[in-house]
Structures are given as C-alpha cells and as structure tokens.
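Good morning, and thank you for coming.

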Amino acid sequence: MIKVAVNGYGTIGKRVADAILKQPDMRLIGISKTTPNYEALIAYRKGINIYVPQQSLKKFEEAGITPAGSVEELIKNADIIVDATPNGVGAQYKTIYRQFDRNAIFQGGEKADVADISFSALCNYNDAMNKKYIRVVSCNTTALLRTICTMSKVSRVEKVRATIVRRAADPKEVKKGPINSLSPDPATIPSHHAKDVNSVIKNLDIITMAVVAPTTLMHMHFLDITLKDRVDKKDIIEVLSNTPRLVLISSKYDANSTAELMEIARDLRRDRNDIPEVMIFEDSIYVKDNEVMLMYAVHQESIVVPENIDAIRASMGLMSADESIKITNTSLGILKGYLI
C-alpha cells in the first residue's frame, strides 16, 4: 500500500483525497489544513486525519477539531505527497519534501520547473515512471492533451489552434468575477495554455487564445486540429468514443449546454456533481480532409483528479500506464463512449 498525504484540502485536494480512499493500492494517511473552516470540519467528521501548522494547533482545538499532528509529521509519515496548496505555495513546500526525501505530485498552478516532468496520463505516463517530482498540468491543459493525444492515434497531429472560454471562478469562490463581461485572459496570443501543452508535447505547433466568461460551471474549448493524413469523421468518432476519459454527448437527448451537463451529473448522483471526463459535443465534430474541429466542455474542479492518481503510481514506479489507468478509471467510475 502506498502511503499518500494530501497537502492542501481545497477544491482539488479534497477530491484527490476521496479518490485515494477508493484505490486498492493506496492509503490516505492524512491531509493538511491551515484554517479550521467547514472543509476541515467535514473532513474531521469523515475520520480523515488532519495535520496543521504548529502555530495553528490551538486554533483547531478551539474549533472542536483535534489535529493528528503537524504538517511536517504528515510529510515524514508519507511515501508520497500530493501537493494541492494554492498556486506558488507548492514550490515553497518542495524544500521540505526534499528534506524528508519524499516524492511529490504538484498541480498545474505551479511553474513547470518545479518538477522533473509535466504529466498527462494518456500522453506521457511512461516518461514519468520513477520521477521524484511530477507536475499534473492544469484543468484546461489536461483536456487539451487528452484530446490531442487521442487524435494522434488516427494520424500524427501537425498543428493545433484552440480557443478557450474559461469559467470565471469555481462555484464556491464568492469574491471573483467578472459578473457582466467577457474578458481576454490575456489579450496577448498565445495564452499560457499553449506553453503548458508544450511542456508535455515538446515540439507541437499549438496556439491558444483564452477569454473569461461570467459562469462558474465549466470551461468550453473550441479546437481546430490539423492532422498529417486525410481522415474520415467516423474514424475520429470511433477513437474518441473508445478512449476512457473522453465522452461524447448526443444532441438527441437535449444536452446542449454546460448547465445541462451539470444536471446530468446530479441526476447520475456523482460525488459533488463531478465530471472528470472531457465532454465532447458530438454534433460539433467537423472533418474536412486532414482538418478536425470540435467543441467540448471541461469540469475544472474534477478533471485532473484521475491524473493525480496515475501520477502517484508513475512516480512510485509500480505499474504500467495501461494497468494504472484501468484501475483509476474503474475505481472512480470514469466513462468512455456516450454519456447518455
């Protein structure tokens, strides 16, 4: 059993922690929190060991939460740490991970040079085997890479042009906007997503643009891929529908928006209404000669969770990509084919 610690228990951390609890080869030894908020209380009531900064011990005890120890003790007791701290904080913690000689998984909010490799399970799992520090790329980059690497099974990807409409904030983030505007993110081209994709696929010709929209539900991507060879639409649909973590949405069931996709997740009684798959609108798939265009939705809160689980196994060097991905998909109920 791999002893896993989760440092940070916010949007990503709590989802990764729950996913670890479902793995047959992992044991969650605890999570860290800096403040005794509602997330900490719920984790405590679920029986999860909570580790806190030394100076915060009294604050947690006064809130009715008895810590299991300090953050340093959590790191010392683990085989590997999933760092889900806020952007930039993970790089600071790396010094402590090194001090205790512990492997660590970082998130896409950290700069690429924080780790030995940037990671996408469907693209470069084998390259990440036995790497001490792995960075799971951001939610948008994860979706781009899953789709691009799947397309490469049909023909070599020569060029990618993508426009990303980003949600403005996660549902719980009450102090963010915009409320009534579309804002370039940034106005300069390419956006950082292209550089992030290139941290995994080194020489890919990719340009991305991004805009922030006043919604909290999901991102939307508009993808234009040029392949080396002429392809048929049926071949594209076949490879997309047969790859786990990519799901096709048929318009005949009136699921034509991110709001309806979230309602489907609710009706399916998914934990936290999560959708870790890339949600591809089938009607959007357009093929002309060697060019493929499509639209898909990305649930920013959960899409990187399966990649974090696979990154743990890759870092520990325990099994092949196919084995890990299969276990992760089965344990988390991840789909392929058509959602409905």
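D25, R146, R245, E307, D310 and R313 are joined in a network of salt bridges, a salt bridge being a side-chain nitrogen of Lys or Arg within 4 Å of a carboxyl oxygen of Asp or Glu. Before I go further, please note that this is a predicted model, in which local features need pLDDT of at least 70 and side-chain atom pairs count only at pLDDT 80 or more, while totals for chains, interfaces and linings use all residues. Residues are numbered from 1 along each chain as its sequence is written, and side-chain values use heavy atoms, with hydrogens and water left out.

Is R245 buried or exposed? R245 is buried, because its relative accessible area is 0%; buried means under 20%, exposed over 50%, and partly exposed in between, with a 1.4 Å probe and protein chains only. The side chain of R245 also makes a polar contact of 2.8 Å with that of N329. Such a contact is a pair of N or O atoms within 3.5 Å; within protein, one must be able to donate a hydrogen and the other to accept it, and residues adjacent in sequence count only if both atoms are side-chain atoms. Leaving aside residues up to four places away in sequence, R245 touches a number of others, including A121, E277, I325 and L335, where contact means heavy atoms within 4.5 Å.

I turn now to the other salt bridges. How many does the structure hold? The total is 24. In general, side chains of opposite charge can pair when their charged atoms come close.

One of these salt bridges pairs D271 with K22, with the closest N and O atoms 3.0 Å apart. This pair links distant parts of the chain, 249 residues apart: D271 is in the loop between helix 10 (258–267) and strand 14 (278–281), and K22 in the loop between helix 1 (11–21) and strand 2 (26–32). Both partners are partly exposed, D271 at 46% relative accessibility and K22 at 42%.

A further salt bridge joins K172 and E39 at 2.7 Å, N to O. Because K172 lies in the loop between strand 9 (157–167) and strand 10 (183–184) and E39 in helix 2 (residues 38–45), the pair ties together parts that are 133 residues apart in sequence. Here K172 is partly exposed at 36%, whereas E39 is buried at 6%.

Finally, consider helix 10. Its buried residues are T258, L261, M262, I264 and A265. As a general point, an α-helix has 3.6 residues a turn, so residues three or four places apart point the same way. The cover over the buried residues of helix 10 includes strand 12 (219–227), strand 13 (246–249), strand 14 and strand 16 (291–298). Just after helix 10, R269 takes a positive phi of about 60°.

Technical notes: Helix = DSSP H or I, 4+ residues; strand = E, 2+ residues; numbered from the N terminus.
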